[in-house]
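Please look over the structure shown here with attention to a few individual residues, their surroundings and their backbone angles. The briefing below groups them by topic.

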Amino acid sequence: MPPLHVLLATYNGARFLPEQLESLTAQQGAEWNLLWRDDGSADGTTVLLEDFGHRTGRAFRAETPPGRAGVLGSFMHLLAAAPAGGHYAFCDQDDVWMPDKLARAQAALSAMPAERPALYCGRQRLVDATLRPTGLSPLPRRPLGFRNALVQNVVTGCTLVLNEAARRLVLAAPPPPPGTLHDWWCYLLVSGAGGALRFDPEPGILYRQHGSNQVGTQASLLRRGAAALTRGPERFLAVFRGHLESLAHAGPLLSPEARETLSLLTPFFTLSRLERLRRLRKAGLYRQGVAEDAVLRFWLLAAPARPSAVMRGGGAG
């Protein structure tokens, strides 16, 4: 098996971090090392990590640029700092991993051609702050792919593992746009490049929901659709536009099919609603649930028109 690098980003995580670290030491059938980056904690998180490194000899602070970077920046720094040639598992500070999580991920990735970008992710067992079970994250109803990734992220970062080819792809791409997260950006790039995508239906982690999560999840697709409707379209549309703009600069890394889909969508918000509808049908974008799909189409068709870059820049006359 290739070496397995666990990439842990922390910020004031001392409350739950010890249980996550102990679940790492309990992993079976996988040899791993931990590369961590702290984003300026003031609660003893770094002391816990340094002590863990001394006890195990398997945890190391990453050499990354100084200063606050946020969740997205921290994980991108970790991916860049990790040694080349391995598998790369993203890790949150407040979950608990089941003993076979890493072994299952490595087995799935090792069954795929090493030269092809590959992404493994999976289901989560939802728990509260005290690890009391509250349900399971929903299973995808439709295949994972680029047309889904453009409008929905079904890859939860704490379950995400990349192979070396996927790591090189992500690092070669333009920087991710503001407002997205590392897991969504990886899903977009690997699916857009025609990479292999594996969703494990068996939960591999206890995904702690405690009110301070950077990102949470809903246990049902219907609730997710209702939550999306409650949040409103502004944030989604901003991220959607940001993804389109950044992916337009990643063209050489993407498959012909992905480039064709992007060509349909790049001028999307400058078009009439009738032309938007036509392009939506041709692009084949989809979310996993019926309710979510209906909300998506309403938002995309109802969004106000925006001038193109040429119009914003003015003419030569």
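Asp 183 lies in helix H7, which spans residues 182-192 (helices are DSSP runs of H or I with at least four residues, strands are runs of E with at least two, and both are numbered from the N terminus). This is a predicted model, in which local features need pLDDT of at least 70 and side-chain atom pairs count only at pLDDT 80 or more, while totals for chains, interfaces and linings use all residues. Residues are numbered from 1 along each chain as its sequence is written, and side-chain values use heavy atoms, with hydrogens and water left out.

**Asp 183**
- Asp 183 is buried yet has no salt bridge, and the nearest side chain of opposite charge, Arg 235, is 8.9 Å away (a salt bridge is a side-chain nitrogen of Lys or Arg within 4 Å of a carboxyl oxygen of Asp or Glu).
- The side chain of Asp 183 reaches the backbone nitrogen of Gly 157 at 2.9 Å.

**Arg 287**
- Arg 287 is found in the loop between helix H11 (273-283) and helix H12 (290-302).
- With a relative accessible area of 12%, Arg 287 is buried (buried means under 20%, exposed over 50%, and partly exposed in between, using a 1.4 Å probe and protein chains only).
- The side chain of Arg 287 reaches the backbone oxygen of Val 151 at 2.6 Å.

**Positive phi**
- Asn 12, in the loop between strand E1 (4-10) and helix H1 (17-25), has a phi near 50°.
- Leu 131, in the loop between strand E7 (125-127) and strand E8 (133-136), has a phi near 70°.

Note on methods. Lys, Arg positive; Asp, Glu negative; His and termini not counted. Polar contact = N/O pair within 3.5 Å; in protein donor to acceptor, adjacent residues only side chain to side chain.
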